[in-house]
Amino acid sequence: MDILPLLLLLLVCRNGLCQQQEEVCAKSVINSCGDCIRTGPFCSWCKQLNFTKPGEQEAVRCDTKAQLVKKGCNIFEIIAPENNKTTIKDVPLSTLSSQQEPVQMSPQHVSLKLRPGLPETFTVSFSRAEGYPVDLYYLMDLSYSMKDDLNNVKGLGQDLFAALKKITKDATIGFGAFVDKTVLPYTNTNKEKLLKPCDENDQQCQAAFGYRHVLSLTSSQDDFKEKVSSQFISGNLDSPEGSLDAMMQATVCEKIIGWRNNSTRLLVLATDAGFHMAGDGKLAGILDPNDEQCHLENNLYTKSNEMDYPSVAQLAMQLEKNNIQPIFAVTENVKTVYDELSKMIPKSAVGVLSQDSGNVVDLIEKAYNKLSSKVTLTQDVLPDNIRVAYKPNCANPKQEGSNKGVCDNVRVGEKISFDVTVTADSCMDKEKSFIISPLGVKDRLNVTISTSCECQCNDPTQEKHAHCNNQGRINCGICSCLDGFVGQLCNCSIKDKDEQSLRASCRRHNGTECEGRGDCVCGRCNCHTTEKGSSYYGNYCECDDEHCEKFQNKQCAGNGQCKCGKCICNKNFQGSVCQCSGSTEGCQTENNSVCYGRGTCTCNQCECKEGYQPPHCQTCLGCPDPCQTKLNCIECLQFNSGPFQKNCSSACVNVSHTTVEKFTISSKECRQKDSEGCWITFKLEQLLGEDNYRAEILKQKDCPEPPDVTAIIGGSIAGVAFIGILLLMLIKLLIYMKDLKEYKKFENEKKKSRWAEADNPLFQNATTTVANPTFTGE
């Protein structure tokens, strides 16, 4: 034997060139060829007649190609749809941009017909065309802090054009300016301050504004110099500016700005401050979200004070949609902020401006080279259940996520390629498509996708085929019966019977027909064979002797036989899987019982009834206290009284008793009050079983002496009388206290009155006149 070819084969396989993906068909419920194809990418269907054996279900027709051939299916009778790729448009790559529309990516349109789960890979080529047109729009912050920078930018026209000429012969430059919204708290709304928001000593200051388009993209150096030279500084209040507002308008106002279709579009943002974003407008009472539409009138943004700032996501989406690559030329103090912003905007770069923006030309040139030499291939929104993966084939591939392919340091004219793998996870009802494109480049690849989920079996045209007993037609190897006939070969006539009722008789508890293990033929289950060659059995094919529980990897532990899914143990073995010997030595108690009659001995261990505790079920922690539950029996057995007095012998059959002077049982002592109020003292010993007791009862019960009725009555009367006297004395005391209070009040009023000492003006003292009749006055 020549060993050289064998060594070469081993070497190739060692390098991974002969590895293949393992083909597996994980079958589920299969009723047709279509079900099989949808199950997995490697599932195939055998349409060969008489392929299934008697008792086999048609699902055996579904398997991998190798397994079907192994089972005897002719390779030409196997249905296995494959992926199909059709290139609809493939214009060759351009090496120069002399033509009107240089082609930098091919192909341009691909149609894929995919089998669900089976990936399809095709190659996309890309080459940077030399001298590709460039559009550069310079967007400048004209807040007061950028005063020195503006003076330098006014003389940049010649240098900018010179730098762009190194890149391409076809370059245009435009200019725009921005500050912020002209409302509080962003700008002073005092009328004088709106007209002149700068320092009072600065005479050249223009009125406050949000965004102004100054110059559309032009190839005229003189126009650029003239328009920019006429610009003056402005101002606002807070530090962040309306940068995102200006960038959004410069992006979506495509016609006004003058963006060309066949060009590399650069948007240079020059600023020394941060930016406002969506949500900040609420500070000024602006609640309407940005609508991402163009609102330029007379080159001014008219909706600046009516719509909120755009979000970063909105801006990133519009920049990508319009193939615009932003370059953030910012000062050192805000570089960190714009570095984070650049991470969220694909195809963007950040450069640091000098204090007076003198290095802006060099910065733009470096940023352009960085952006254009990095090729990022990605896609727009994918249809549902479609996956795309990229593998770059270039000198400097980079990993930046699974949904894009990246090649860095790509030179002009260098041809690179990407392997694009598309996978459909499920069947689709209609054709769908998506776009693949390099970021910042106009070229597009339109990918159209449809799925192949149905079988093309080329069946015989006869409606009554002999294989189906002339009562049905062939459908991918399976008989599709006419009305009134059922069965694998349409060999059962149901006549006037209802097919559904026949099939219902094959379902146990309204479950699966024949438990999924047989075919329902004329209302009876025709059971299939098992994987090991035996048969399922039972009225519903519910039984087999191969699927019993195992112990130590042996069915029924090797100590029994499997019957209809349950283990029938050999003699002297027990347990659910016959894993235990029949010995009860571990369950024996001191009185030679098994588990005290309160449990069963399984696997030489007691399985106690509820409440009783292992190891021998002697005690019951959860059971009611027998001192209380057996009190009525104790009372009737010993003293012939209580609730069970009339049926004591039948109600207390499980309690035996003896009358003692002294206890011999070691259990706890029970002292309970009977129906007559007397205390009975006894002890209980539980016998075998759950409710069998032996009782020892003290002969005498302790009955308390009856109360002295006379003393109780006399005491009650005396108590009532005493309480009555106390209440009368209390009432008398209250009355006395009230009278005493009134008397004292009277005495006080008496002392205050002075009427007894006053003169009554109406009172005249009595006068007595004595006349001497004999006195004449002489």
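Hi everyone, let me start inside the protein: by class, the lining of the largest cavity has 7 nonpolar, 3 polar and 2 charged residues. Here Ala, Val, Leu, Ile, Met, Phe, Trp, Tyr, Cys and Pro count as nonpolar, Asp, Glu, Lys and Arg as charged, and the others, Gly among them, as polar. Before going on, please keep in mind that this is a predicted model, in which local features need pLDDT of at least 70 and side-chain atom pairs count only at pLDDT 80 or more, while totals for chains, interfaces and linings use all residues. Residues are numbered from 1 along each chain as its sequence is written, and side-chain values use heavy atoms, with hydrogens and water left out.

Back to that cavity. On a 1 Å grid over the protein atoms alone, a cavity is a set of points where a 1.4 Å probe fits but cannot get out, and a pocket is an open set with protein on both sides within 12 Å along at least five of seven lines; lining residues have an atom within 4 Å of a point. Grid points are joined across faces, edges and corners, and a volume is the space filled by probe spheres set on the points. By this rule there are 3 cavities of 30 Å³ or more, and the largest holds about 70 Å³ of space. Its lining includes Ala316, Leu319, Glu320, Ile345, Lys347 and Leu439. Helix H10 (312-321) and strand E14 (324-330) each give at least two residues to that lining. For all such labels, helices (H or I, at least four residues) and strands (E, at least two) are DSSP runs, numbered from the N terminus.

Now the open counterpart. The largest pocket has a volume of about 1300 Å³. It is lined by 36 residues, and the closest to its centre are Asn31, Gln57, Glu58, Asp519 and His528. Which elements supply at least two residues each of this lining? They are strand E24 (478-481), strand E25 (485-486), helix H13 (499-504) and strand E27 (518-521). By class, the pocket lining splits into 13 nonpolar, 13 polar and 10 charged residues.

Cysteine 476 is not a glycine, yet it has a positive phi of about 55 degrees.

On to the sheets. Strands of a sheet pair through backbone hydrogen bonds, either parallel or antiparallel. Two strands count as paired if DSSP finds at least two bridges between them. In the loop between E5 and strand E6 (109-114) we find proline 107, and the peptide bond from serine 106 to proline 107 is cis, with omega near -5 degrees. A cis bond also runs from leucine 184 to proline 185, with omega near 5 degrees; proline 185 lies in the loop between strand E9 (171-178) and helix H6 (191-195).

Another open sheet of 4 strands has the order E37-E40-E39-E38, and here the pairing is mixed. The edges are E37 (655-660) and E38 (669-673). E37 and strand E40 (residues 693-698) run parallel, joined by 6 bridges, and threonine 658 has glutamate 696 in E40 as its bridge partner. Helix H15 (residues 631-639) packs on this sheet, touching E37, E38, strand E39 (679-686) and E40, and its direction makes about 110 degrees with that of E39. Contact means heavy atoms within 4.5 Å; axes are lines fitted to C-alpha atoms, for helices over the stretch in contact, and angles run from 0 to 180 degrees between N-to-C directions.

Last, confidence. The protein averages a pLDDT (the predictor's confidence in each residue, from 0 to 100) of 84, and 93% of the residues score at least 70.
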